Amino acid sequence: MTEKPAQRPTEDPTEAQNPKDIEVVCTQNLHAIGKALQAYHNDHGDFPLWLSELYPKYLSDANLLLCPADEEGGKSVYLINEDPKMPVSYGYQFHPKYREEKTEARLIYGDVIPLVRCRHHENQEFECLNLSFDFKVYPSSGISTPEEKYGTPKKAIEALETGLQRLPDYADSFFSEQASKLYHSLVRLYNEVGQEKNAKDLINRFKSIIKPDDFEAHFVLGEMLETLKRNEAALAVFERLVGQYPNDYEIFTKLAEIHWKLGNPKFALENHYKTETSRLELIGKPLPDFSETDLDGKPISLQDYRGKVVLLDFWAVWCGFCILEIPNIKRVYATYKDQGFDVIGINLDADEAELQDYLKKNDIPWRQIFSGEGWNDPIVQQYNITGVPEPWLIAKDGTLISTDAREAALEYLVVDALKDKPKDQ
């Protein structure tokens, strides 16, 4: 779940600018930062602790540290990434908190991994612009997959196989996050290109090395088995884990996902509800009504939807996980709207024009409530929403079914809620 970001200003400094023009300027900035980093490294034999150390000796213009699409003017949403000396838009991947992790990542993946990232391009075909350790600029998704780093699945496999040979001996220690990611990525790539034997051999190698009490490694093992559609084997892994860690949210999420794949909706829903312990006291109770005006200026209330199954979707355009879920909501809406399912969007953006543009481009058919007040929105405050996405599913009688109705859970929950059940059930 994406937590509250810093509030955006009411005016958008990039309004009326062409996204392609912004991309060009940002790319130029990253190239300039790359040259400055290279010069700094030549002088010091290392990279700086923060990008602000490049100014003014290696980077004469401080504005080069600001992306033109950054509405926060260089203020980071996440305090851990905040440059201590000056406003910086670009996410530096080698500051003190990341050094150890990124040093190991370079050992495994080489210099193609991002050294500097810009995440201010959410409305374009890519999520990030990256400056790599070898000072090249490339676009990617938010997580930057091996295919994006290396260009093609084949080149990615070759690079990861080389990285695997560089891994230290983990026989007497726990697998690091980077090492586990390497195995997981390589299994996925083998599977995608049809090298199933290589994928199975790699999983067997992984199983032979990991320790019985290494939680992260066993979690990744389950995910790798899922990748190969060995769902029964994956289920066994996560069931062992839940025996050791009976209150872990992520394990219940995985158990629900696998039970859905295996066609066990009863067990899937049981595990899904266990992920909602923080709001368990609300489930099954009537949701308080609201009375607002929608984006088109028409009155709207929850009472208007009584007799329907309603998804109250708290979301924002700036929220990557929200955007990833939109196609799933559209599919479920199109399938069940004529059977009594509807959606109300509660949008937390600050810029109405940006929201309207997104709704139009993506053909979003359901009604939206927009106040422009973000986290101070009256409905957000009323229901104590602290992060997005947060999709609340409401039954025909107005009682709350789920506060996390998304991904595979959404359709199962909607189908179940649409059934005409006897009053004693």
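1. Helix 6 (residues 196-209) and helix 7 (residues 215-227) have axes that come within 11 Å and cross at roughly 160°. That angle makes helix 6 roughly antiparallel to helix 7, since angles over 145 degrees count as such. The crossing is left-handed. Note that this is a predicted model.

2. The residues behind that pairing are as follows. Helix 6 contributes Ile203, Phe206 and Lys207. Helix 7 answers with Ala217, Val220, Leu221, Met224 and Leu225. By class, the contact of helix 6 with helix 7 holds seven nonpolar residues, no polar ones and one charged.

3. Helix 9 (residues 249-261) and helix 10 (residues 265-274) also pair. Their axes come within 8 Å and cross at roughly 160°. The two helices are therefore roughly antiparallel to each other. The crossing of helix 9 and helix 10 is left-handed.

4. On the helix 9 side, the contact is made by Phe252, Leu255, Ala256, His259 and Trp260. On the helix 10 side, Pro265, Phe267, Ala268, Asn271, His272 and Lys274 take part. The contact of helix 9 with helix 10 divides into seven nonpolar, three polar and one charged residues.

5. Aspartate 349 deserves a separate look. It sits in the loop between strand 9 (341-347) and helix 12 (352-361). Its relative accessible area is 0%, so aspartate 349 is buried; the cut-off is under 20%.

Key: Residues are numbered from 1 along each chain as its sequence is written. This is a predicted model: local features need pLDDT of at least 70, side-chain atom pairs count only at pLDDT 80 or more; totals for chains, interfaces and linings use all residues. Side-chain values use heavy atoms; hydrogens and water are left out. Axes are lines fitted to C-alpha atoms, for helices over the stretch in contact, and angles run from 0 to 180 degrees between N-to-C directions. Helices (H or I, at least four residues) and strands (E, at least two) are DSSP runs, numbered from the N terminus. Angles under 35 degrees count as roughly parallel, over 145 as roughly antiparallel, 65 to 115 as roughly perpendicular and the rest as oblique. A crossing is left-handed if the near helix is turned anticlockwise from the far one by less than a right angle, and right-handed if clockwise. Contact means heavy atoms within 4.5 Å. Ala, Val, Leu, Ile, Met, Phe, Trp, Tyr, Cys and Pro count as nonpolar, Asp, Glu, Lys and Arg as charged, and the others, Gly among them, as polar. Buried means under 20% relative accessible area, exposed over 50%, partly exposed in between (1.4 Å probe, protein chains only).
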